[in-house]
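This briefing is for a reader who is new to the structure shown below. Please keep the sequence and the model in view while reading the points that follow.

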Amino acid sequence: MLIAFGDISWLAVIVAFVPYFMLGGLWFTVFFKKQYFESLGKSWLDQEKPSALFIVGPAVCTFIITIACAMLMAMINIQTYYELVVFTLVVGLGFLVSNTVNIAINPNIPHPMYYGAISGSYHLVGLLIATSILYLMG
């Protein structure tokens, strides 16, 4: 069964997106700031002011992830919180964490597994928050 954009709750998508995106801001600038910079081989003391791309880009990506999850959850008809947790783990580990680690494995990221652990864990926590909101508001 396919689902159209009009079949999902856009209010739920927006409400789910906001804490997922805001968590990213806190995750990388407050909770794990030093560790994040270390994973990139940089000192957190030498940070530069980020350009708009480093705020707008993750916002757009997080919004798209939230829409995709809302559509997938509707398509597979999540009925229980247990099903939601399994769905979140499959999507989170199967796509977001593994893709984050895969992208990090390149010569420009000196500590790819460290980076993957920091960024991947953000996605797991943020995704669980977002999918829980989608589930509760759905």
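Leu40 lies in the loop between helix H2 (33-39) and H3. The C-alpha atoms of Leu40 and His111 are 6.6 Å apart in space, although 71 residues separate the two in sequence. The model is a predicted one, in which local features need pLDDT of at least 70, side-chain atom pairs count only at pLDDT 80 or more, and totals for chains, interfaces and linings use all residues. Residues are numbered from 1 along each chain as its sequence is written, and side-chain values use heavy atoms, with hydrogens and water left out.

**Loop residues**

- Not counting residues up to four places away in sequence, Leu40 touches Ile109, Pro110 and Tyr115; contact means heavy atoms within 4.5 Å.
- Asn77 sits in the loop between H3 and helix H4 (81-104); helices are DSSP runs (H or I, at least four residues), numbered from the N terminus.
- Most residues other than glycine have a negative phi.
- Asn77 is not a glycine, yet has a positive phi of about 60°.
- Asn77 counts as partly exposed because its relative accessibility is 46%; buried means under 20% relative accessible area, exposed over 50%, and partly exposed in between (1.4 Å probe, protein chains only).

**Helix H1 against H5**

- Two packed helices are described by the angle between their axes and the distance between the axes.
- The axes of helix H1 (residues 10-31) and H5 cross at roughly 155° and come within 9 Å; axes are lines fitted to C-alpha atoms, for helices over the stretch in contact, and angles run from 0 to 180 degrees between N-to-C directions.
- That angle makes H1 roughly antiparallel to H5, since angles over 145 degrees count as roughly antiparallel, under 35 as roughly parallel, 65 to 115 as roughly perpendicular and the rest as oblique.
- H1 and H5 form a right-handed crossing; a crossing is right-handed if the near helix is turned clockwise from the far one by less than a right angle, and left-handed if anticlockwise.
- In the contact of H1 with H5, 20 residues are nonpolar, 5 are polar and none is charged; Ala, Val, Leu, Ile, Met, Phe, Trp, Tyr, Cys and Pro count as nonpolar, Asp, Glu, Lys and Arg as charged, and the others, Gly among them, as polar.
- Ser132 belongs to helix H5 (residues 112-137) and counts as buried, at 11% relative accessibility.
- Leaving aside neighbours within four places in sequence, Ser132 is in contact with Tyr81 and Leu84.

**Helix H1 against H3**

- The axes of H1 and helix H3 (residues 53-76) come within 9 Å and cross at roughly 135°, which means that H1 is oblique to H3.
- The crossing of H1 past H3 is right-handed.
- Residues of H1 including Trp10, Val13 and Phe17 meet residues of H3, among them Ile55, Pro58 and Thr66.
- The contact of H1 with H3 is made up of 14 nonpolar residues, 2 polar and no charged.
- Thr66, in helix H3, is buried, with a relative accessible area of 1%.
- Not counting residues up to four places away in sequence, Thr66 touches Val13, Ala16, Phe17, Tyr20 and Leu134.

**Cysteines**

- The whole structure holds 0 disulfides; a disulfide is a pair of cysteine sulfur atoms within 2.5 Å.
- The sulfur of Cys69 is 13 Å from the closest cysteine sulfur, in Cys61, and therefore too far for a bond.
- Cys69 counts as buried, at 3% relative accessibility, whereas Cys61 counts as partly exposed, at 47%.

Note on methods. Helix = DSSP H or I, 4+ residues; strand = E, 2+ residues; numbered from the N terminus.
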